[in-house]
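I opened my notebook to record what I looked up in this structure. The entries follow in the order I made them.

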Amino acid sequence: MFKLIPRENVSPVLSLLGPLFSIGFTMFVGGILFYFLGVDPFAAIKMIFWDPLMSETFSTYSIPQIFIKGAPLILIALGLSVGFKANVWNIGAEGQYIMGAIFGASFALSLYPLESFFIFPTMVLMGILGGSLWSMIPALLKVKFNVNEILVSLMLVYVAEQLLALASLGFLRNPDGAGFPGSRNLSLYSSASNSELIMGTGIHLGVLLSLLMVVFFYVLLFRHSLGFKIKLLGNSPKASGFSGDNPNKLIFLCLTLSGSLAGLAGIMEVAGPAGQINIDFNVGYGFTAIIVAFLGRLNPIGIFFAGIVMALTYVGGELTQFMLNLPAAAIQVFQGMLLFFLLSFDLFVHYKIKLKGKK
Amino acid sequence: MNSKIKNTLFQCRAINKEFGNVKANDDISINIGNSQIHALLGENGAGKSTLVKIIYGLLQPDSGSMTFLDKEFLPKSPKDARAQGVGMVFQHFSLFEPLTAFENILLGLDKGIGEKELHESVIRLSESYGLEVNLSSFIGDLSAGERQRVEIIRALIQKPKLLIMDEPTSVLTPFECESLFKTLKKLASEGTSILYISHKLKEIADLCDTASVLRKGAIVGEYDPKKMTARELGEIMVGQPLFEPKRPVATNKRKKVLSVKINEVKPDTQFGVTLKNIDLEVYQSEILGIGGVAGNGQEELMQILTGEKKARSVIIKYLDYNVEMLNPRERREIGLAFAPEERLGHAAVGNLNLLENSLITDPKRRFQKNMGFINFSELNEFTNEIIEKFNVKTTGASALASSLSGGNLQKFVVGREIEQKPSLFIVNQPTWGVDALSAANIRQAIVEIANNGAAIILISQDLDEILEISNKVAFLTNGSLSTPTNTAEIKTDEIGAIMGGISD
């Protein structure tokens with residue numbers, strides 16, 4: 001029989017090896033999966049992890065794409081990680097991401113075709129507001145009635161998806177769109193467009209903000225007393241109360257902060273790479289960001305690298321889709337495995353395994 | 001062999017038990033004679049519990065042998081130990097609260113006896129040993145003393161030749177202690193040997209014939225507690241000279257620091273205690289001791305005093321401030337300091353390092369002044385000061401709190417509060433589970449700040465501690481507080497009467 005014994009001190013090396021090992025294992029088991037799908041596993045793995053960075057044919061397109069796909073992941077994961085540290089589990093970032101996009105886009109499109117400098121910044125603020133308001137619903141229910149925030153935030157994702165459909169088919173539908181679903185293209189509305197910062201790359205303001213936020217959150221978590229309060233709450237609500245903090249205020253703050261960042265990611269995406277509100281606007285960044293947050297060990301620097309790795313699987317996954325005809329779902333399984341293996345390896349990071357001797 | 005032992009009932013030879021790298025029992029040999037009350041003395045972590053768990057079959061020794069009733073003895077389980085004639089009463093009771101006393105005794109039996117027959121023998125036992133219990137009352141309604149009697153009956157019903165008692169008096173009032181001692185002496189006179197574990201030296205002198213002292217897992221020696229002073233025994237236990245802190249000198253011209261009036265405060269959970277009729281005052285340079293058995297409202301009172309729980313019906317006046325609606329941080333900012341009972345998870349957090357633990361009660365936000373940014377260099381300095389002044393044994397300020405032993409963490413927690421130089425320090429169980437030397441140091445530090453003008457409220461279940469350093473004492477019984485009396489004027493039997501209000 002085996003016995004698990006908690007480690008007294010978790011070594012930083014082990015804790016870093018966990019994510020690396022889980023990436024390795026995902027490649028291995030993913031390769032087996034690809035083999036049974038009738039694809040050369042080595043070619044597929046190489047195409048996901050190597051070609052986007054190194055191949056001459058793809059890299060000029062795909063390296064900026066990695067940052068573009070990584071930006072929403074990093075933004076959302078940063079917000080989520082703060083809550084996770086406080087034991088506050090916002091699972092509904094996907095919904096807050098959608099609501100940020102709908103709020104911001106609705107504001108901008110309501111002014112169309114007015115051109116003014118204030119539209120873009122106000123639209124961004126509206127996006128943040130949309131995400132944070134959506135996250136305030138689970139926050140208020142949690143704080144006032146002790147309702148489980150996991151369930152509420154998750155279920156609100158589906159509500160947000162319905163609202164997204166309503167907006168695309170109804171109140172935001174492009175009047176000049178010949179009846180097709182979807183709003184006007186924001187990138188063609190210059191006052192509201194989240195345009196390229198570097199010509200020809202697609203790198204937009206959201207990418208820059210995601211990098212700035214990494215620094216901001218690092219300082220917040222490790223240098224500021226608010227970060228300490230959040231950590232204290234997550235470790236011991238009783239000690240948090242003894243310290244003089246109001247746990248409810250902190251829970252509320254954590255949820256709205258993560259909602260705000262998801263909303264910011266949403267508005268950046270809809271006004272930039274996506275361009276318009278449409279039924280298929282959300283592609284699961286809000287859920288994938290949960291994996292990113294854990295893969296990055298809830299540490300802002302870690303989240304940056306985890307976001308990049310995860311974006312790589314998106315970009316590489318797209319490559320395998322049209323080069324090797326791998327189904328999109330196979331890539332999602334691949335991403336899910338990453339979290340699965342990470343959590344499995346964490347068992348070994350936090351526990352020692354001992355063989356129980358015979359009696 | 002000790003000449004007093006006519007014939008040996010139980011003997012263990014060279015018992016060794018290791019946990020990881022720690023030798024919990026190092027070559028331990030003891031003899032227990034027939035009809036003997038044998039004390040096992042030692043500080044926390046000296047190895048007492050490990051040894052009795054081996055005797056009771058809960059643990060297996062790494063090496064060594066035992067004989068019991070002239071036979072080889074190595075119980076594989078408590079059931080096995082009971083069958084061979086060893087009974088044990090634990091410090092923490094293992095009774096089912098929703099069941100009656102009788103049902104609990106019935107459930108504890110290893111082999112079936114008819115209910116009627118059992119009832120008769122229980123009555124016989126409780127009468128002949130003075131173990132009065134109402135058999136049909138529910139355990140939940142019984143006092144700690146009564147619950148312990150149920151446990152003792154449960155052990156005695158199996159007619160043990162050796163009865164192990166693990167710190168039995170830690171939950172009892174002085175009156176209940178006396179009746180327990182009568183029972184134990186009668187048992188011994190009728191041929192049952194008792195292995196009595198405690199670190200209360202006075203009661204051992206009262207009760208026991210022989211005392212084996214353990215230190216760091218090894219036997220230091222066997223002594224006659226009746227021929228030694230408590231202090232001498234204490235020094236053997238600790239391995240170095242002890243000093244006794246003196247209570248602060250109360251001067252006459254003193255300011256009133258705190259007054260608290262509580263009419264009634266209901267608990268948050270159904271298991272809590274309702275606080276009622278509490279009226280207390282503390283002056284400068286004064287230690288007010290609040291005694292009482294655990295679970296009589298200590299925790300609830302502490303929460304009201306720290307501000308973790310606020311109630312409108314409470315009036316707390318600190319100097320010229322009304323503080324009842326302030327949160328703990330706001331109270332700290334005007335000069336209060338608190339050290340709650342629970343070290344890990346309340347006063348300190350195991351997963352955080354000592355630096356971060358210093359931040360929990362950051363005085364006047366000394367280290368967060370700059371727009372909330374943490375000043376790590378000053379924080380480091382402060383934390384190292386605590387470690388140095390209070391002799392906290394640790395690898396450094398960045399060590400996790402969970403890596404410290406209980407006593408060292410307690411020194412850190414008390415030190416952290418004392419270093420803030422509070423005008424009022426409220427502390428619950430400052431030396432619980434702390435070794436004797438550290439305990440004396442902690443008490444000394446508390447007395448020192450009182451001598452420098454601070455007012456202290458000392459909540460403690462350790463009566464000796466309260467009598468040793470308090471100027472005034474009051475007792476919590478069922479959530480209400482007795483009128484504070486000068487320590488010098490109080491008599492021990494009065495204390496028993498006040499504390500025993502619950503059951504006797």
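What percentage of the 504 residues in chain B do buried residues make up? I noted the answer as 54%. I also wrote down that this is a predicted model.

**Entry: chain B as a whole**

I looked up the helices and strands next. Chain B has 16 helices and 21 strands. I then asked about its extent. The C-alpha trace of chain B spans about 75 × 45 × 40 Å along its principal axes.

I compared the radius of gyration with the value for a compact globule. For 504 residues that value would be near 23 Å, and chain B has 24 Å, which agrees.

Then I checked the contacts with a separation of 6 or more. In chain B, 66% of these come from residues 24 or more positions apart. Last came the surface. Chain B has an accessible surface of about 22300 Å², and 49% of that belongs to carbon and sulfur atoms.

**Entry: two glycines in chain B**

I picked G42(B) to begin with. G42(B) sits in the loop between β3 (37-41) and α1 (48-55) of chain B. Is G42(B) buried or exposed? The relative accessible area of G42(B) is 0%. The cut-off for buried is under 20%, so G42(B) counts as buried.

I listed what touches G42(B), leaving aside its neighbours within four places in sequence. The contacts of G42(B) are K48(B), S198(B), H199(B), L214(B) and M237(B). I also looked up a distance to F373(B). G42(B) and F373(B) are 331 residues apart along the chain, and their C-alpha atoms are separated by 47 Å.

I turned to G64(B). This residue is in strand β4 (residues 63-68) of chain B. G64(B) has a relative accessible area of 40%. Buried means under 20% and exposed means over 50%, so G64(B) is partly exposed.

Which residues does G64(B) contact, leaving aside its neighbours within four places in sequence? I found R13(B), A14(B) and I15(B).

**Entry: chain A as a whole**

I repeated the checks on chain A. There are 14 helices and 2 strands in chain A. The radius of gyration of chain A is 21 Å, close to the 21 Å from the globule rule for 359 residues, so chain A is as compact as a globular protein of that length.

The C-alpha trace of chain A spans about 80 × 60 × 35 Å along its principal axes. Of the 359 residues in chain A, 53% are buried. I looked at contacts between residues at least 6 apart in sequence. In chain A, 77% of them join residues at least 24 apart. Chain A exposes about 16600 Å², and carbon and sulfur atoms supply 70% of this.

**Entry: a helix pair in chain A**

I wrote down who makes the contact. On α4(A) the residues include P72(A), L75(A) and I76(A). On α11(A) they include C254(A), L257(A) and E269(A). How do the residues of this contact divide? I noted 11 nonpolar, 3 polar and 1 charged.

Key:
Residues are numbered from 1 along each chain as its sequence is written. Chains are lettered from A and ligands numbered from 1 in the order in which they are written. This is a predicted model: local features need pLDDT of at least 70, side-chain atom pairs count only at pLDDT 80 or more; totals for chains, interfaces and linings use all residues. Side-chain values use heavy atoms; hydrogens and water are left out. Contact means heavy atoms within 4.5 Å. Helices (H or I, at least four residues) and strands (E, at least two) are DSSP runs, numbered from the N terminus. Ala, Val, Leu, Ile, Met, Phe, Trp, Tyr, Cys and Pro count as nonpolar, Asp, Glu, Lys and Arg as charged, and the others, Gly among them, as polar. The radius of gyration is taken over C-alpha atoms; the globule rule is 2.2 Å times the number of residues to the power 0.38. Buried means under 20% relative accessible area, exposed over 50%, partly exposed in between (1.4 Å probe, protein chains only). Accessible areas come from the Shrake-Rupley method with a 1.4 Å probe; for residues, only the protein chains shown count as cover.
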